Amino acid sequence: MLHWIYPGLCELCHEPCEQELCEDCIAKLPALPLPICLYCGSPVAGDQHDPTHCAQCAAAPRYYDFARSAYLTNEATRHLVHAIKYHHANYLAGVMGELLNRLWEDTPQLMQPGRYCLVPVPCTQAHLFARGYNQAGEIARALARLRGLPVCHALKRIPTEADSQTRLSAGERRRNAMRAYTARPSYASGRRKLPGEDVVLVDDVYTTGSTAHACARQLRKLPGVRRVGMLTLLRAAHGQRDIV
Ligand SMILES: [Zn+2]
Ligand SMILES: [Zn+2]
């Protein structure tokens, strides 16, 4: 009722609309160009030797089964992620969950029957303290509501010395990520169990895939895990690092 009297404004065009983003602005968000690598979900050149496997996945297998992102980064999508990440705009989590729900329905691996559960990529305690929430957790919660799935905070983010450096090479990022994520002790010890064997990691941005790789490695150690996938709102284009 209140919403009807005082409709919200679209975060991007500032026109009145029923959710945080209007459908016109959603339609203008930059979709990923096809084809994409079947594993990491990055756009690949259609004429390359193996169009189902990008060069990085062919060179180094990933711990996750697949990763998919809804959009590329541009000014609009960067604005959205900056807003939820740095400007306390956690009201955007609802529409972000809705966008991930659309991505879910476009992802054949997720349309297979299974017992799914969502695991948000964790942030450090310092980030949690500074922002008051973990944006990945908020987005996962919104997606979980739409799909009727459980959210499980099974992972923990350990601060590392590299956290203070914003510019890391892909190799440094990978090594740092491997040290930065672990299963929470209650899950690692088997005291608590994941409520599903098909685990979907949720995050805001997929940059080099190091986070997905490191988190999936930890999840695979837990009993009963069959598949690990990842959904993110954004995908940084190749070579774009630290842009959000
Ligand atoms: Zn709009
Ligand atoms: Zn790939």
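This is a predicted model: local features need pLDDT of at least 70, side-chain atom pairs count only at pLDDT 80 or more; totals for chains, interfaces and linings use all residues.
1. From α5 come Ala93, Gly94, Met96, Gly97, Glu98, Leu100, Asn101 and Trp104, while α8 supplies Glu138, Ile139, Arg141, Ala142, Leu143, Arg145, Leu146 and Arg147.

2. The largest nonpolar core has 64 residues, and those that touch the most other members are Leu100, Ile139, Leu201, Val202 and Leu233. Helix α5, made of residues 93–105, gives the most to this core, contributing 7 residues. For Val202, once its neighbours within four places in sequence are left aside, the contacts are Leu100, Leu118, Pro120, Val121, Ala136, Ile139, Ala140, Leu143 and Leu231. Two residues in that list, Leu100 and Ile139, also take part in the contact between α5 and α8.

3. Helix α9 spans residues 170–180, and its buried residues are Arg173, Ala177 and Ala180. Seen down the axis of α9, these buried residues fall within an arc of 65 degrees, so they line one face of the helix. The elements that cover them include β5 (155–157), β6 (181–183) and α11 (210–220).

4. Ala154 is placed in the loop between α8 and β5. Since a residue is buried if 20 or more other C-beta atoms lie within 10 Å of its own, Ala154 counts as buried, because it has 25 C-beta neighbours inside that distance. Not counting residues up to four places away in sequence, Ala154 touches Val119, Ala183, Arg184, Tyr187, Leu194, Leu219 and Leu222. The C-alpha atoms of Ala154 and Ser186 are separated by 8.3 Å, although the two residues are 32 residues apart along the chain.

5. Arg217 belongs to helix α11 and is partly exposed, because 18 other C-beta atoms lie within 10 Å. Arg217 and Leu103 are 114 residues apart in sequence, and from C-alpha to C-alpha they are 23 Å apart in space.

6. His14, in the loop between β1 (8–9) and β2 (16–17), has a phi near 65 degrees, which is a positive value in a residue other than glycine. His88, in the loop between α4 (75–86) and α5, has a phi near 60 degrees, again a positive value in a residue other than glycine. With 10 C-beta neighbours inside 10 Å, His14 counts as exposed, and His88, with 11 such neighbours, counts as exposed too.

7. Pro35 is found in the loop between α2 (23–28) and α3 (55–59).

Key: Residues are numbered from 1 along each chain as its sequence is written. Chains are lettered from A and ligands numbered from 1 in the order in which they are written. A residue is buried if 20 or more other C-beta atoms lie within 10 Å of its own, exposed if 12 or fewer, and partly exposed in between; C-beta atoms are placed from the backbone. Helices (H or I, at least four residues) and strands (E, at least two) are DSSP runs, numbered from the N terminus. The arc is that of the directions from the helix axis to the C-beta atoms. Two residues are in contact if their C-beta atoms, placed from the backbone, lie within 7 Å. A nonpolar core is a set of buried Ala, Val, Leu, Ile, Met, Phe, Trp, Tyr and Cys residues joined through C-beta atoms within 7 Å.
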